[in-house]
Amino acid sequence: MDERERARRLASNLIGARMYTCREICDRLVRKNISKDVAEEIVDEFLQAGVLDDRLYAQFYMEDALRLKAKGMYRIRQELMQKGVSRSIIDAVAEEMAEEVDSKEALRAYLEPRLDAGDIRSRRDLEKLKAKLVRRGYSMQDINVCLASYEFSFDD
């Protein structure tokens, strides 16, 4: 079996298991001792056939990250860029998603069970929560807007 056929089979097996970005497939093929040129040719071939689609990948990834994992847009954008999705695709998909999914609403849904449980007993707890939300990718503006609807009373 020649290198191109081996690369095609490896890529097919990977894509059959789950979605990947073009760069992820190329990187995995190179790690399996496929030359960079052949890996790029196979990725182009799959891209032309519609088997690989970074835009579709970004749409699914963003939707899952927003709705299921309660991540903020900043973190989602960073993760997609690390996976090799171009900034133009990320921006276009984010703009579309902004119409469908309200990130502030996702943040509220994430906050509600945590704040109802009375986890915030001091200013330090509140600052720790804010830091956690920033790490999840939410902007301080969105965090402050959402937290403003709650009343906190601290003894300290």
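Helices here are DSSP runs of H or I that hold at least four residues, and they are numbered from the N terminus. The views below show a predicted model.

**View 1. Confidence along the predicted chain.** The average pLDDT of the chain is 89, and 96% of its residues score at least 70. Helix α2, which spans residues 22-31, has the highest confidence in the chain, with a mean of 96, whereas confidence is lowest in helix α7 (residues 103-116), where the mean is 79.

**View 2. The largest nonpolar core.** This core has 16 residues, of which Ile 25, Leu 29, Ile 42 and Leu 52 touch the most other members. Two or more residues are given to this core by each of α1 (3-17), α2 and α3 (36-48), and the largest share, five residues, comes from α3. Once its neighbours within four places in sequence are left aside, Ile 42 is in contact with Arg 4, Ala 7, Arg 8, Ala 11 and Leu 29.

View 3. The 13 residues of helix α8 (residues 123-135) reach 18 Å from the first C-alpha to the last, close to the 18 Å expected at 1.5 Å a residue. Its buried residues are Leu 126, Leu 129, Lys 130 and Leu 133, and because these cover an arc of only 100 degrees around the axis, they lie on the same side of α8. Arg 124 and Arg 135, by contrast, are exposed on the other side of the helix. Just after α8, Gly 137 takes a positive phi of about 105 degrees.

View 4. Lys 71 lies in the loop that runs between α4 (54-67) and α5 (73-82). Its relative accessible area is 12%, and Lys 71 therefore counts as buried, the cut-off for that term being under 20%. The side chain of Lys 71 makes a polar contact with the side chain of Glu 79, at 3.1 Å. When neighbours within four places in sequence are left aside, the residues in contact with Lys 71 are Tyr 61, Ala 65, Leu 66, Ile 76, Glu 79, Arg 136 and Tyr 138.

Key: Residues are numbered from 1 along each chain as its sequence is written. This is a predicted model: local features need pLDDT of at least 70, side-chain atom pairs count only at pLDDT 80 or more; totals for chains, interfaces and linings use all residues. Side-chain values use heavy atoms; hydrogens and water are left out. Buried means under 20% relative accessible area, exposed over 50%, partly exposed in between (1.4 Å probe, protein chains only). A polar contact is a pair of N or O atoms within 3.5 Å; within protein, one must be able to donate a hydrogen and the other to accept it, and residues adjacent in sequence count only if both atoms are side-chain atoms. Contact means heavy atoms within 4.5 Å. The expected span of a helix is 1.5 Å times one less than its number of residues. The arc is that of the directions from the helix axis to the C-beta atoms. pLDDT is the predictor's confidence in each residue, from 0 to 100. A nonpolar core is a set of buried Ala, Val, Leu, Ile, Met, Phe, Trp, Tyr and Cys residues joined through side-chain atoms within 4.5 Å.
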